[in-house]
Amino acid sequence: MAEKQGLVDSAKSIIRELNRRGFSAYMVGGYVRDRLLGRAVKDIDIATSATPDQVVALFPHTAATGVKHGTVTVIMDGQGFEVTTFRSEAGYSDLRRPDQVRFITDLTEDLSRRDFTINAMAMDADEALYDPFHGMEDLRTATLRCVGDPKRRFSEDALRMLRCVRFAAEYKLEIEKTTWHALVHNRHKLAHIAMERVQMELARIVAGSDPARGAKLLAASGLLAHTKTALPVLFHPNVVAEADSLLSLIPLFHESAHKWAFMLIALRIDANDGGKLLKSLKFAKHMQHRTLALVRLHEWMANELSRLSARSDDFPSSLQNIWRAGCVRFSPASMSVWLDLMNLAAHASGKLPGELSAEIFAALYGQAFVLRKRMPVAAPADLSVNGSDLLRITARSPGPWLGKLLDKLYEEVIYERVPNDRERLCQRALELIRDGADT
Ligand code: ATP
Ligand code: MG
C-alpha cells in the first residue's frame, strides 16, 4: 500500500508542476474508476492541456512514447506516468483509429471522446472529481454506458464493443439498454478489428474475475461471429448456459493455458476446433501448444476412462494402467496438471467437464494420488541416461533406434520396472537390444 500511495503522490507532483506552469492536468480513466471502486491501483494516466513539447520541456526525465497521439512518459521517483495532451478525435474511417487527432485545452471535450462514462472521469491534485458524464452515478448503480450516442461510439471504434463486454464482466455491471442495442446492431463491424486486438480483449475477459459472465454476454451478443478471420463457434448460448458452473471456476486457475484449456473442454470444443480458434486469434505458439496439449490429454483420458466399469474386478489396476499409459504418452507432469484441474472442478462444482464420470474420476484420483507421489520422472528429460550414454555403452552409430530405445526406457521407468538409475538403465538398455526391442 505504501508503494501505491507513493505512486499517487508522484502523479500529484507531476500534476502540481504542470499547474504551476499554468496548465491544467488531471488523473484520468482507469485510475479514477478503480480508485472510486476501492480497487488496487495498477498505473496512473495523466491528461493535461500542455502539448507534448511543453511536457518534455518541463520534466528532466521523459520518454517520447506516443508523441503523435499526444503521449509522453514522464519518469518521476523512478516510476513512469503516461502524460497525454487533451485531444479530440475525428474521422474513424477504418473503424478503429481516428484519422485526425487535435490537441485541445478543454478537459470536458477530452473526456467526451472516452468510451464509457465510468472511464470518463478525472481527478485533480486535491482529489476533486470531474465527472461531466455522471460516471460516478453509473458506478453506484453498476451501469455500463457509452459516453454520448452508443451507435456512433461503436461505429467509430469497433473494439469498444469487446471492451464493453470486458468491463461489464470484470466490474459486474449491467450494460445500459441503448448501449447494448447499439452493440448488437453494430456487431458486424468487429470485422474491422485486427485479430491480435480481439485476442487481447478475449484474453483479458478469460483472465478476469468473471469469464462466465463474459461468455454469456459474448454468446448473447453474437459478437464473435463477426471477426475478421472466421472462428469456430466459441460461445454458443445453450452450451454456455450448460457450462456456466464450470466456466465460473476459471478464475481458480493461475495459468492462462490452463484457463483456456479448461474453458475449451467445458464448452465441448475439441482439440481440432480449439487449434483453429487459437491460431486464428494469433496466440503465441507456446500458448497454443500448451493449451492444446491439455485438451488432447483430456480427450484421451475421457475416452480411456469411458471404457471402464467401476464394477469390474480389475478396476483399480485398469485405472493404474491408464494413468501410467497417459504418463508415457503425455508426461507425468502434464498428467498431474490435468488431475489437479479436474479435481478442483470436481470439488468446487461437483461436476466434471466433457464425458468424464465423477465416480470414475474419484477412483482414478485415489489411485493416481499414490502413483504420482512416487513417479521417478516428470518428463523424458528427467531420465538418468541420455543418448550419448547409450551410444557409448552400445558402441553403435546414431540412428532411429536411439530414440526408440530412450522411449522404451522412459516407459520402463514410468511402469516402475526399472528404477531411474544410470547403471540399471544402461543394463536394461543392453537387455532390450538383445531382445530386439530397439527395432
Ligand atoms: P484497464 O487498464 O484496466 O484496461 P483503463 O480504463 O485504464 O482500464 P486503458 O485501455 O488503459 O483502460 O485506457 C485508458 C483510458 O483511455 C480509458 O479509461 C478510456 O477513458 C480511454 N480509452 C481507452 N481505449 C479507448 C477506446 N477504444 N475508445 C475510447 N476511449 C478509450
Ligand atoms: Mg489502463
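Predicted model: local features only at pLDDT ≥ 70, side-chain atom pairs only at ≥ 80, totals over all residues.
Residues are numbered from 1 along each chain as its sequence is written, and chains are lettered from A and ligands numbered from 1 in the order in which they are written. Local features need pLDDT of at least 70, side-chain atom pairs count only at pLDDT 80 or more, totals for chains, interfaces and linings use all residues, and side-chain values use heavy atoms, with hydrogens and water left out.

**Stop one: the ligand shell.** Select ligand 1. It is surrounded by 13 residues, each with a heavy atom within 4 Å. Show the closest: Arg33, Lys42, Asn119, Asp157 and Arg160. Colour the shell by type: no nonpolar, 3 polar and 10 charged. Here Asp, Glu, Lys and Arg count as charged; Ala, Val, Leu, Ile, Met, Phe, Trp, Tyr, Cys and Pro as nonpolar; the others, Gly among them, as polar.

**Stop two: the helices.** Helices are DSSP runs (H or I, at least four residues), and strands are E runs of at least two. Select helix 2 (30-36) and helix 7 (159-170); each supplies at least two shell residues. Helix 7 gives the most, 3 residues.

**Stop three: polar contacts.** These are pairs of N or O atoms within 3.5 Å. Select Arg166: a polar side-chain atom lies 3.0 Å from a ligand 1 oxygen. For Arg114, the side-chain distance to a ligand oxygen is 3.1 Å. At Gly30, a polar backbone atom is 3.4 Å from a ligand oxygen.

**Stop four: the pocket.** Hide the ligand. Ligand 1 sits in the largest pocket, with "sits" meaning that more than half of its atoms lie within 2 Å of the grid points. The volume is about 1600 Å³. Among the 44 lining residues, Asp45, Glu82, Arg113, Arg114 and Arg163 are closest to the centre. Helix 7 provides the largest share of the lining, 6 residues. The lining divides into 15 nonpolar, 7 polar and 22 charged.

Conventions. Polar contact = N/O pair within 3.5 Å; in protein donor to acceptor, adjacent residues only side chain to side chain. 1 Å grid on protein atoms, 1.4 Å probe; cavity = no way out; pocket = protein on both sides within 12 Å on 5 of 7 lines; lining within 4 Å. Points joined across faces, edges and corners; volume = space filled by probe spheres on them.
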